Amino acid sequence: MTTLAFRAATTDDIPALVALVTSAYRGHASRTGWTSEADLIDGERIDAAALEADLSRDRSIILLAERGDQLVACAHVADVDGKGYFGMFAVDPAQQGSGLGSVVLTEAENYAAREWGVAVMQMTVIDVREELIAFYERRGYVRTGITKPFPYGDERVGTPRRDDLQFEVLTKTLD
């Protein structure tokens, strides 16, 4: 097995990022892994414009995990008001359950602490995704009870198949 390497995404990586994130969360391909949102939301999970915005922000990086020349995982990591933000986390569905996600999450946390000196990492997760929330809880994240509305009507995040979706904020103190 080729060694895992991390690097910052560039605009040249946008097509591969759209494909990876979509395959991990939406459509038939996502059902290979366990992170699929296909029963909750149809359509795209991310678009090129959103990725360009994340890449151009100050104190924001899209972290890529590659094996050889294959993109196997990614995550958006940013400093938002002095706290780390972790989002757009995607692992190739064929490699989910292999431990790769935990390695990428740890790298993202280390990056935020090392590069920006943040002491806390936050994320938002659709609150009905109990299995995904449990994954994060096993890695030290806690549910805050703070919720944020799902962006119904925003086609950039897909078309919800349910009308009861919302995000919950999870947080972790970094060592």
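**Entry 1: the model.** I began by noting that I am working with a predicted model.

**Entry 2: the sheet.** I looked up how the strands are arranged and found that 7 strands form an open sheet with mixed pairing, in the order E1-E3-E4-E5-E6-E9-E7. The edge strands are E1 (4-8) and E7, each of which pairs on one side only. Ignoring direction, I read that neighbouring strands of this sheet are turned by 30 degrees against each other on average. I reminded myself that strands of a sheet pair through backbone hydrogen bonds, either parallel or antiparallel. For one pairing I checked the sense, and E5 and E6 turned out to pair in the parallel sense over 2 bridges; Gly-84 has Met-121, in E6, as its bridge partner.

**Entry 3: a helix across the sheet.** I then followed H4, which lies across E1, E3 (60-67), E4, E5, E6 and E9 and runs at about 35 degrees to E4.

**Entry 4: the largest pocket.** The largest pocket has a volume of about 1000 Å³. Of the 38 residues that line the largest pocket, Tyr-85, Gly-87, Met-88, Thr-124 and Phe-167 are the closest to its centre. Which element supplies the largest share of this lining? I found that E5 does, with 7 residues. Other elements that each supply at least two residues include helix H3 (48-56), helix H5 (130-138) and strand E9 (166-173). Sorted by class, the lining of the largest pocket has 21 nonpolar, 5 polar and 12 charged residues.

**Entry 5: the second largest pocket.** I noted a volume of about 200 Å³ for the second largest pocket. There are 19 residues in the lining of this pocket, and the closest to its centre are Trp-34, Val-91, Gly-97, Gly-101 and Phe-135. Helix H1 (14-25), E5, helix H4 (100-116) and H5 each give two or more residues to the lining of the second largest pocket. By class, I wrote down 10 nonpolar, 8 polar and 1 charged for this second lining.

**Entry 6: aromatic pairs.** Searching the whole structure, I found 8 aromatic pairs. One of them joins Phe-150 and Phe-167, which are stacked at 5.5 Å centre to centre with 25 degrees between the planes. Why does this pair tie together parts that are apart in sequence? Phe-150 lies in the loop between E7 and E8 (159-160) whereas Phe-167 lies in strand E9, so the pair links parts that are 17 residues apart in sequence. I had already met Phe-167 among the residues closest to the centre of the largest pocket.

Key
Residues numbered from 1 in each chain as written. Predicted model: local features only at pLDDT ≥ 70, side-chain atom pairs only at ≥ 80, totals over all residues. Heavy atoms only, no water. 1 Å grid on protein atoms, 1.4 Å probe; cavity = no way out; pocket = protein on both sides within 12 Å on 5 of 7 lines; lining within 4 Å. Points joined across faces, edges and corners; volume = space filled by probe spheres on them. Helix = DSSP H or I, 4+ residues; strand = E, 2+ residues; numbered from the N terminus. Nonpolar A, V, L, I, M, F, W, Y, C, P; charged D, E, K, R; others polar. Pairing = 2+ DSSP bridges. Axes fitted to C-alpha atoms, helices over the stretch in contact; angles between N-to-C directions. Contact = heavy atoms within 4.5 Å. Phe/Tyr/Trp six-rings, centres within 6.5 Å; stacked < 30°, edge-to-face > 60°.
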